[in-house]
Amino acid sequence: MSGIVGILNADGAPIDRGLLRQMTQSLAFRGPDAQEMWIEGPAGFGHTLFRTTFESETERQPASLDGEAWIVADARIDARADLIRKLRNKGEGCSLADPDCQLILYAYRAWGEACVEHLLGDFAFAIWDTRERWLFCARDHFGVKPFFYAHVGDHFVFSNTLNCVRIHPAVSDELNDQAIADFLLFEGNQEPDTTSFADINRLPAAHVLSLKEGSICIRRYWTLPVDGALKYRRASEYLEQFLELSDTAVADRLRTNRVGIFLSGGLDSSTVAASAHSVIERQGQPTNLHAYSIVYDSLIPDSERYYSGL
């Protein structure tokens, strides 16, 4: 995943370029392909790029369409063709060649903060709107991409990496005793919006955060639907529908000619591997496909090698 970081000074103080550079450089391990910053008055973004799709070959972040809204994102947007069709109906001139961060910007320009209701995929991003002077942040439906932030005094700091946020001098090392207790008792923090540090919070999955004039508003934009049932006339239709959805989902993650699969001996990952192979064959493009498994040959009884091999 790419690295993202941002600082907003609510008191209007200019961004410390050296500090932002230090925080951005701390994310080099996340993005070896490029490293850039953007600063405008009290707002500043940093990004380290990890190219994983064909579209990201032309990607540069932080990015803007018109200089009025700037984004920094760690994102992979799925169902791109459907999103682009809806955006074109709204008058936006986007295309399949656009990197994911630009599609998010088009969506923000078309729907404002409701853009998240039209996005599918894994994402953590922040947009600074220079006209409205507000910061808009979002995290994907299932929280695949992390988003940490600290609001200390007049400073708002965020990143997808906890230790990056800790670099800011306004953020203390004071521990969150409740989170530490949760870890000792339950082997994990039970609160989705806190971390082990008192000053640093976590934006929960399927939530957006907006910051304007020093005031933060956080809201949930999606809840997993659990009502209703699928009913088909024949049992075989359930399998056909599952395979179609599986191939569609896997195809969204095959926007590259270098693919790796974490493969166990179970049904889930082997189904993903079979779908990937099927999609690649239909596309007819040469793709370097590798599977990786962890096996124990002698330490414990383990049949992973046999089943993943099959």
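This is a predicted model: local features need pLDDT of at least 70, side-chain atom pairs count only at pLDDT 80 or more; totals for chains, interfaces and linings use all residues.
Visitor: Hi! What is the order of the strands in the open sheet of six?

Guide: Hello! Reading across, the order is β2-β3-β1-β9-β8-β10, and the pairing is antiparallel.

Visitor: Which strands stand at the edges?

Guide: Those are β2, residues 34-40, and β10, residues 201-202. Each has a single partner strand, so one of its sides has no neighbour in the sheet.

Visitor: And what holds paired strands together, in general?

Guide: Strands of a sheet pair through backbone hydrogen bonds.

Visitor: OK, how many bridges are there between β1 and β9?

Guide: Five, linking β1 (residues 3-9) with β9 (residues 155-159) in the antiparallel sense. To find one of these spots, look for leucine 8, whose bridge partner in β9 is phenylalanine 156.

Visitor: Which strands does helix α1 touch?

Guide: Helix α1, residues 17-25, packs on the sheet and touches β1, β2, β3 and β9. The direction of the helix makes about 150° with that of β2.

Visitor: New topic: β11. Is that strand largely enclosed or left open?

Guide: Largely enclosed by the rest of the structure, because five of the six residues in β11 (207-212) are buried.

Visitor: Which residue of β11 is the bridge partner of alanine 138?

Guide: That would be valine 208. The strands involved are β7, residues 134-139, and β11, which run antiparallel and are joined by four bridges.

Visitor: How many bridges join β11 to β12?

Guide: Six, and this pair is antiparallel too, with β12 covering residues 215-220. Serine 210, for instance, has cysteine 217 in β12 as its bridge partner.

Visitor: What sits between β11 and β12?

Guide: Two residues, and the strands form a hairpin. In the turn, glutamate 213 has a positive phi of about 55°.

Visitor: Is cysteine 101 buried or exposed?

Guide: Buried, with a relative accessible area of 2%.

Notes: Residues are numbered from 1 along each chain as its sequence is written. Side-chain values use heavy atoms; hydrogens and water are left out. Two strands pair if DSSP finds at least two bridges between them. Contact means heavy atoms within 4.5 Å. Axes are lines fitted to C-alpha atoms, for helices over the stretch in contact, and angles run from 0 to 180 degrees between N-to-C directions. Buried means under 20% relative accessible area, exposed over 50%, partly exposed in between (1.4 Å probe, protein chains only).
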